[in-house]
Every structure is written in C-alpha cells, then in structure tokens.
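Dear colleague,

I am handing over the structure below, and I would be glad if you could look through it alongside the notes that follow.

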Amino acid sequence: MVRRAASGSYAIVNATALTMSPLCARADGDARVSQDDLGVLHGATVVVRDGIIKDVWSKLDLGAPFPHEDLSDLEVHDVRDAVVMPGLVDAHTHALFAGDRVEDFEALAHGGTPKLGIAYTVERTRSLDEPALIELGRQRLRSMREHGTTTAEIKSGYALTADGEVKLIRAMAALDEMSDLPHVVATFCGAHALPPEFTSYDAFIDELIKHITPAVAALQIARFADAFCERGFFSVEQSRRFLEDCKARGMQLRLHADELARSGGAQLAARLRCTSADHLNFAGVDDIRALRDAGTIAVLCPATAQYLSLERLAPARALIDAGVPVALATDFNPGTCPCYSLQEVAHLARRRLQMSAAETIAAVTTIAARSLEANAVAGCIAPGRPADLVVLETTDYREFGYYFGVNLVAWTAVGSKGGTGSGLPLTGRKETSV
Ligand SMILES: [Zn+2]
C-alpha cells in the first residue's frame with residue numbers, strides 16, 4: 001500500500017537511518033569524518049509529528065530505553081531497509097537570476113569563446129520584476145528538492161544596484177516562506193561582478209558601501225555577505241573593504257577564494273574569520289593552515305571545475321587531513337555550473353577529490369549546515385529537530401555518489417512541509433550488481 005505522508009505526522013519504519021548524531025554531537029568542529037560519525041541505525045523507526053522528529057530508534061538495539069512513541073495514530077511507511085538521511089544542504093548557489101547562458105555553452109562546446117557572459121544575466125535579471133523572479137526561483141528550488149536538497153543558500157549579485165539587490169534578497173525571503181520548497185539562506189553577494197555602468201572596481205566598491213549594502217542590510221534578511229575575490233576581478237583589498245563593511249552591518253562572511261588562480265582569497269577569508277571559503281582550487285599549504293587556524297569551513301564546488309574543464313581541483317584531501325572541515329556545494333549558476341544535483345557533486349567528490357562515502361555525506365549534510373550556521377536545525381536526524389529528511393532508493397549508503405546522472409532520491413520532507421516524490425514505501429533495492 002503506497003500512501004503519501006502529507007500531514008506532517010507519520011512514521012518511517014525498517015529504515016537504514018544515517019542519523020549523523022555522532023558528528024553533530026562533536027563540538028570540536030574536527031574535519032575528519034569516519035563511518036562511525038554517520039550514526040547508522042539498521043531497522044530504524046523515525047517518528048515525525050507536525051514536522052518535528054519526535055523519536056528515532058532501532059528495533060535491533062535491545063538496550064534501547066522504552067517506551068517509544070506510540071505509532072497507532074500515524075501513517076506508517078515501511079521503507080524496507082532503504083536509506084533515510086538528513087535532507088541535503090546546498091551551501092553555495094546562485095539560483096536566483098534571469099538569462100541563462102546556453103549560447104555561451106554552445107560556444108564552449110565548439111571550442112569557441114563565450115560572448116554573453118555575466119553582463120547578459122545582469123541585464124536580464126534587472127529587467128524582471130520581483131514576482132517573475134520568485135517564479136523562476138520557485139521552479140529551480142523545486143528541482144533541487146526533487147534531488148534531495150532541503151536547505152539551499154542563494155547568493156544575490158545579478159542586479160548590482162540598490163533596488164535590484166533588494167529585489168533579489170526580498171525574493172529569497174518570499175521563497176523561504178513557500179511551503180513546497182527547501183529552506184533558503186540568503187547571501188548578499190554584492191561584490192560579484194563589475195556592472196556595465198562602472199569601469200573601476202574601486203568605484204563600484206564605493207557604490208556598494210555608500211548605497212547598495214545599506215539598502216540590503218536594512219532588510220535584515222541576508223545572513224551572509226560574499227565577494228568574488230579573484231585575480232582580474234575583485235582584489236583582496238577591494239573584497240576586504242566590502243566584507244568588513246557588511247560585517248559591521250551585521251552579516252556573517254563567505255568568500256569565493258582561489259578558484260581560478262592563487263589570489264590571496266583563502267588568506268583573506270582566514271584573516272576576516274569568514275564562516276566559509278569557497279572553491280579553493282588553488283589553495284596551497286599555507287592557505288590550508290590559515291583556514292584551519294581561523295576555523296573557516298571549506299565549501300568545495302567540483303561541478304564547476306568539471307563544467308569549466310579545469311585541470312586544477314580543490315585539495316580536498318589536504319584540507320581534511322589538515323583539519324579543515326569540508327562541505328560540498330553545487331555552485332548552481334547560469335555561466336559556470338548549471339547543475340542543481342548534490343548527488344552529481346557527490347560523485348565528483350568521490351571520484352575526483354578522493355573523498356570517502358562518509359566524508360561526502362557529511363559534506364552535503366552536517367558540515368554544509370554548519371557552514372550556513374544552520375546546524376541547530378539541519379544536518380541531523382534527532383528528536384526535537386525539524387524533519388528535513390531524504391529517503392534514497394537504495395539500502396547501501398555508499399551508493400550515494402556511486403551513481404551519477406541518476407536521481408536516487410525517492411522522497412523528501414522539509415520539516416512540517418510534507419513530502420514529495422512518488423510516495424512510500426520503496427522497493428528497497430538490495431543488490432547493485434547486474
Ligand atoms: Zn559562486
């Protein structure tokens with residue numbers, strides 16, 4: 001019998017639950033993640049009432065304290081050993097824009113040079129009103145959710161005027177309110193690109209500090225600020241001026257750092273005690289040490305490197321081995337990464353960054369949630385937390401990142417917002433070999 005859990009109150013039984021509780025309980029922020037940190041419970045029951053997790057236990061744990069929650073008034077879904085894990089957290093996206101760049105992709109694919117660039121996306125984004133932008137964001141966030149994402153960070157930065165950035169940040173707040181979508185964490189990425197009416201990066205930083213940032217800060221929606229610190233774009237000094245002003249106005253900091261060249265971004269992120277430093281393809285040993293000492297989380301975006309055919313990839317192993325927590329994100333954006341599947345990113349992390357299954361799963365749940373300062377509500381299956389859950393069509397969690405081009409997510413729930421997908425229970429495939 002297949003029934004949907006639409007009420008926000010239900011129980012999932014016979015699950016292979018990745019609770020992530022051991023990792024969540026570690027206050028030291030240690031980067032090293034092992035299988036033991038996943039908190040795997042076989043034969044698990046997860047009880048959800050009004051969107052909040054009430055109880056989690058394993059029928060195989062004979063020492064478990066009783067009584068547990070009474071299930072008699074709940075819809076009960078037998079998932080036949082399928083993996084149930086925390087909803088995925090995408091810690092770096094640019095999901096709110098108009099103006100895709102398929103023409104640029106065509107040029108790239110034929111060995112040519114893209115012509116539209118970010119200026120085209122800025123022009124198109126400026127031309128749309130708030131309801132139209134919200135509708136575009138809604139469609140994309142729904143696709144993300146179908147691929148397992150229950151919390152998504154979104155960066156502004158495709159309008160680059162005071163009114164335009166306010167429009168984008170307000171649209172993010174509206175999307176966060178929508179019951180059928182992932183939670184949205186808003187980031188003001190004012191120093192994203194040089195708008196066409198400016199010829200000087202310094203002059204645009206002045207404009208940001210004088211007009212744009214105050215207008216955005218007044219909304220009190222954006223939790224973070226971000227800058228594109230890269231050789232040939234915003235310099236270390238320009239990024240510092242912008243970010244310090246944002247911090248003074250109450251925002252926490254993230255930074256695009258050392259993606260295309262070693263540009264001093266990681267060092268700046270460490271100096272400013274940024275919550276996250278993102279990309280880091282060119283980060284060196286000194287940069288890694290600085291990030292570790294600052295307690296900054298690395299958010300790696302291997303799908304972007306894939307799209308751009310970059311030879312240099314982020315030093316994930318060196319970061320983890322040095323003690324820098326590593327999160328993974330899609331970097332979903334129209335110009336360099338039109339991908340909203342964290343499963344695809346997980347595959348690239350496994351295959352190209354040599355991350356283990358446990359490290360990869362932590363990187364798209366618990367550690368990603370930490371990087372958004374959302375770890376109190378996301379990234380863990382435990383009583384009292386919102387039921388942000390994903391059910392995979394597999395019984396073996398190591399298949400997360402093994403398959404690519406395949407959506408293993410059968411069902412997601414975002415807190416009290418109900419479920420999506422084809423319903424439960426699942427087939428609970430037990431064998432992967434043919
Ligand atoms: Zn980005």
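**Overall fold**

The secondary structure of the protein comes to 14 helices and 16 strands, where helices (H or I, at least four residues) and strands (E, at least two) are DSSP runs numbered from the N terminus. The radius of gyration, taken over C-alpha atoms, is 21 Å, close to the 22 Å that the globule rule gives for 434 residues, so the protein is as compact as a globular protein of that length; the rule is 2.2 Å times the number of residues to the power 0.38.

This is a predicted model, in which local features need pLDDT of at least 70 and side-chain atom pairs count only at pLDDT 80 or more, while totals for chains, interfaces and linings use all residues. Residues are numbered from 1 along each chain as its sequence is written.

Buried residues make up 53% of the 434 residues; a residue is buried if 20 or more other C-beta atoms, placed from the backbone, lie within 10 Å of its own C-beta.

**Helix 12**

Helix 12 (residues 342-352) is mostly covered, with nine of its 11 residues buried, among them Leu-342, Val-345, His-347 and Arg-350. These buried residues pack against several elements, including strand 7 (149-155), helix 10 (302-307) and helix 13 (357-363), contact being counted when two C-beta atoms, placed from the backbone, lie within 7 Å. Just after helix 12, Gln-354 takes a positive phi of about 55°.

**Helices 4 and 5**

The axes of helix 4 (residues 130-146) and helix 5 (residues 162-177) come within 9 Å and cross at roughly 50°, the axes being lines fitted to C-alpha atoms over the stretch in contact and the angles running from 0 to 180 degrees between N-to-C directions. Helix 4 and helix 5 are therefore oblique to each other (angles under 35 degrees count as roughly parallel, over 145 as roughly antiparallel, 65 to 115 as roughly perpendicular and the rest as oblique). Residues that meet there include Leu-133, Ile-134 and Gly-137 of helix 4, and Leu-168, Ala-171 and Leu-175 of helix 5.

**Two loop residues**

Most residues other than glycine have a negative phi. Leu-160, in the loop between strand 7 and helix 5, has a positive phi of about 65° although it is not a glycine, and it is buried, with 27 other C-beta atoms within 10 Å. Asp-331, which lies in the loop between strand 13 and helix 12, has a positive phi of about 60° and likewise counts as buried, with 27 C-beta neighbours inside 10 Å.

With best regards

Notes:
Buried ≥ 20, exposed ≤ 12 C-beta atoms within 10 Å, placed from the backbone.
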